[in-house]
Amino acid sequence: MDQYSIALIPGDGIGVDVVREGKKVLDTVSELHGGISFSYKEFDWSCEYYAKHGRMMPEDGLDQLKDFDSIFLGAVGYPGVPDHVSLWGLLLPIRRQFEQYINLRPVKLLNGIQSPLAGKTSKDLDFIVIRENNEGEYSNIGGRIYEGTDADMAIQNSVFTRKGVERVLRYAFDLAQKQGKRKHVTAATKSNGINHTMPFWDEYVKKINQEYPDVTSNIVHIDALAAFFVSKPETMDIVVASNLFGDILTDLGAAIVGGLGIAPSANINPDKKYPSMFEPVHGSAPDIAGKGIANPLASIWCTSMMLDHLGHPESAKAIIDVMEEVIQEKIVTPDLGGNATTEQVGDKICEKLKMHLG
C-alpha cells in the first residue's frame, strides 16, 4: 500500500468548493485502486486568516508543511487584502522554500470543449509550458526611494543564476526527450531588448541542448511566441520560459483551450526533497463562492497531475479520460455552457471513475 499525506489549503472563495471536489476524486481513486491511501490535514490559511492574525500563515507554517507528500491549494485572494500581500505571504514562500522551481502547465484542449481559435482541435492544442518558478523577474530585490516627491522611484531587479536556469532547462529537455511528441523545445526570450539576462538565458538553452542530441530546439522572442500560440499552436511541443514570460504564456495557453476555469498547474520539486504543490490557476472568485456554480475541473485535473507526480500514471490518465466524457455529455458548470453544479460535476466524475477503474 502506497500511503500519501496531503496538506489541504482550500484558501479563499471558491477554493473551498473546488478542493472539496478534488479530494472526493482522490478518495474515489484510492477506493478503486486498492494500493493507494491518502491521509489529509486541512489548514485554514487564507485572507480570512490574515484578517485575524495579520499574516497569511503562522511563522512556522513551512515547518508544518515540509513533511507532507503533496500540497493541494485551492485559491488565494479576497477584496481588502492586496494581491502582493496574499501571494508573498503564502504561495510564493511555499514555492521558494520548498524549491518548487518547476511550474508545469498543460495546454491541452479537452474533447468536448471548443477553442476560441477557429478550426483548431484537440490534435492542434496539446503541449506543455514549463515556467521557471523561483527566480527570474519575480525576485524580491529592489525597493522604493523618494516616495511622495518628484524623484519618486521604484527599482525591481531580475535574478538569473546558472543553477536556476540550467535546472529548469534541463527539466524541459528531459521532458521533451521522454514525453514530447516531436522531441522539441521552444524557449522564450527577449534578448533583442533585455541585454543581460536574456542573452544569458539563450546561452544556456544552447548549452543544455548539447546534452540532448536527439532533441531539437529554437529560441523565440516572447512577443512572436505569444502570437504563435494563437496562429500556429500545433507547432508547439515543450515550451520553457522564465518566471514572468512563463506566467504570461500560461494564461494565454489557458485562454486558447477554454479558460482559467479548467486550467491546472503543478509547482514541482523534482527531487522530492520537499512536497510539490498542485493548484488550479483560476482566482478565488468570492462573488460566486458557495453558490455551487464554480467549475471544479481545474482542481480535479490537479489531482491527475498529483497522481502522475506520485507515480501513478494510469490513475492520472483515467481522470483525464473521465473529464472528457463528462464534458462531452455536457455535465458541466455554467461557465462551459451547462447547468450542472460544482458538486454534480464532481459526483459524475467519481461515478465514471468507478466504471473505468472498478
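Colleague: Which ground rules apply?
Modeller: The model is predicted: local features need pLDDT of at least 70, side-chain atom pairs count only at pLDDT 80 or more, and totals for chains, interfaces and linings use all residues. Residues are numbered from 1 along each chain as its sequence is written, and side-chain values use heavy atoms, with hydrogens and water left out.

Colleague: How do you know whether the chain agrees with a compact globule?
Modeller: Take the radius of gyration over C-alpha atoms; the globule rule is 2.2 Å times the number of residues to the power 0.38. For 358 residues a compact globule would have a value near 21 Å, and the chain has 20 Å, so the two agree. Along its principal axes, the C-alpha trace spans about 55 × 50 × 40 Å.

Colleague: How many helices and strands are there?
Modeller: The chain has 11 helices and 12 strands. Both are DSSP runs, numbered from the N terminus: helices are H or I with at least four residues, strands are E with at least two.

Colleague: Why is Ser70 called buried?
Modeller: Buried means under 20% relative accessible area, exposed over 50%, partly exposed in between (1.4 Å probe, protein chains only). Ser70 has 0% relative accessibility, so it counts as buried. Ser70 lies in strand β3, residues 70-75. Contact means heavy atoms within 4.5 Å. Leaving aside neighbours within four places in sequence, Ser70 contacts residues including Ser5, Pro275, Phe278 and Met306.

Colleague: Why does Ser304 count as buried?
Modeller: Its relative accessibility is 6%, so Ser304 counts as buried. Ser304 sits in helix α9, residues 297-309. Not counting residues up to four places away in sequence, Ser304 touches Ala316, Lys317, Ile319 and Ile320.

Colleague: Is Lys330 classed as buried or exposed, and why?
Modeller: Lys330 has 57% relative accessibility, so it counts as exposed. Its place is the loop between α10 and α11 (342-357). Lys330 also has a positive phi of about 65°, although it is not a glycine.

Colleague: What makes Ala285 partly exposed?
Modeller: The value is 24%, so Ala285 counts as partly exposed. Ala285 is in the loop between β12 (276-280) and α9. Its phi is positive, about 40°, although Ala285 is not a glycine.

Colleague: What makes a nonpolar core?
Modeller: A core is a set of buried Ala, Val, Leu, Ile, Met, Phe, Trp, Tyr and Cys residues joined through side-chain atoms within 4.5 Å. The largest one has 81 residues; Ile130, Leu169, Trp201, Val240, Met323 and Ile349 touch the most other members. Helix α10 (residues 313-328) gives the most to this core, with 8 residues. A second, separate core has 19 residues, among them Met57 and Phe68.

Colleague: How far apart are the mean positions of the positive and negative charges?
Modeller: They are 4 Å apart, for 35 positive and 48 negative charges. Lys and Arg count as positive, Asp and Glu as negative; His and the chain ends are not counted. The places used are NZ of Lys, CZ of Arg, CG of Asp or CD of Glu.
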